[in-house]
Amino acid sequence: QVQLVESGGGLVQAGGSLRLSCAASGLTFSNSAMAWSRQAPGKEREFVAGISWSGGSKYYADSVKDRFTISRDNSKNTVYLQMNSLKPEDTGVYYCAAYKSSETFADVRSWGQGTQVTVSS
């Protein structure tokens, strides 16, 4: 079955950086669009960034544009999220998702278990 394993979360001060990784198995990774979402305490899960199968198309929530960068390495079945200039409002559990489409983000094939990111002020 599909497995997505996130890593790289932690505690960081405001203004700092973190790099999240999501290792995928059990699927044809290069056929899947991938994305990161996050969920803050008491809030709904929200889309943060997405990337098409080739990496040629990338999408970002307005709240993270110019601070976060999504990338992927199809030879390693891994998607990354580089997070710079972190703010306390970036705190939450970050989830990796694999999609049924190679280009769009309508139907999730699988979610990871999440990794906690905490940004202190």
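**The disulfide and its surroundings**

Reply: Start with Cys-96: this residue is buried, with a relative accessible area of 0%. Buried here means under 20% relative accessible area, exposed means over 50% and partly exposed is in between, using a 1.4 Å probe and protein chains only. Keep in mind that this is a predicted model, where local features need pLDDT of at least 70, side-chain atom pairs count only at pLDDT 80 or more, and totals for chains, interfaces and linings use all residues. Residues are numbered from 1 along each chain as its sequence is written, and side-chain values use heavy atoms, with hydrogens and water left out.

Me: OK, and what does Cys-96 join to in a disulfide?

Reply: Cys-22, with an S to S distance of 2.1 Å. The cut-off for a disulfide is a pair of cysteine sulfur atoms within 2.5 Å.

Me: Which parts does that pair tie together?

Reply: Cys-22 lies in strand S3 (residues 18–25) and Cys-96 in strand S9, so the link ties together parts that are 74 residues apart in sequence. Strands are DSSP runs of E with at least two residues, helices are runs of H or I with at least four residues, and both are numbered from the N terminus.

Me: Is Cys-22 buried or exposed?

Reply: Buried, with a relative accessible area of 0%.

Me: How many disulfides does a search of the whole structure find?

Reply: The search finds 1.

Me: Which strands pair with S9 over 3 bridges?

Reply: Strand S11 (residues 115–120) pairs with S9 in the antiparallel sense over 3 bridges, and Val-93 stands opposite Gln-116 in S11. Strand S10 (residues 108–111) also pairs with S9 in the antiparallel sense over 3 bridges, with Tyr-99 opposite Val-108 in S10.

Me: Switching topic. Which strands form the open sheet of 4 strands?

Reply: The order is S1-S3-S8-S7, and the pairing is antiparallel. Strand S1 (3–7) and S7 are the edge strands, each pairing on one side only. On average, neighbouring strands of this sheet are turned by 15 degrees against each other, direction ignored. For that angle, axes are lines fitted to C-alpha atoms, for helices over the stretch in contact, and angles run from 0 to 180 degrees between N-to-C directions.

Me: How many bridges join S7 to S8?

Reply: 6 bridges, with the two strands running antiparallel. Ser-71 stands opposite Tyr-80 in S8.

Me: Now the core. Which residues touch the most other members?

Reply: In the largest nonpolar core, which has 26 residues, those are Met-34, Trp-36, Phe-68, Val-79, Leu-81, Met-83 and Tyr-94. S3 gives the largest share, 4 residues. A nonpolar core is a set of buried Ala, Val, Leu, Ile, Met, Phe, Trp, Tyr and Cys residues joined through side-chain atoms within 4.5 Å.

Me: Last topic, charges. How many salt bridges does the structure hold?

Reply: It holds 4. The criterion is a side-chain nitrogen of Lys or Arg within 4 Å of a carboxyl oxygen of Asp or Glu. One of them is Asp-90 with Arg-38, the closest N and O atoms being 2.9 Å apart. Asp-90 lies in the loop between S8 and S9 and Arg-38 in strand S4, so that pair ties together parts 52 residues apart in sequence.

Me: Are those two buried or exposed?

Reply: Asp-90 counts as buried at 0% relative accessibility, and Arg-38 counts as buried at 6%.

Me: What else does Asp-90 meet in a salt bridge?

Reply: Arg-67, at 2.8 Å, N to O. Salt bridges that share partners join Arg-38, Glu-46, Arg-67 and Asp-90 into one network.

Terms used. Two strands pair if DSSP finds at least two bridges between them.
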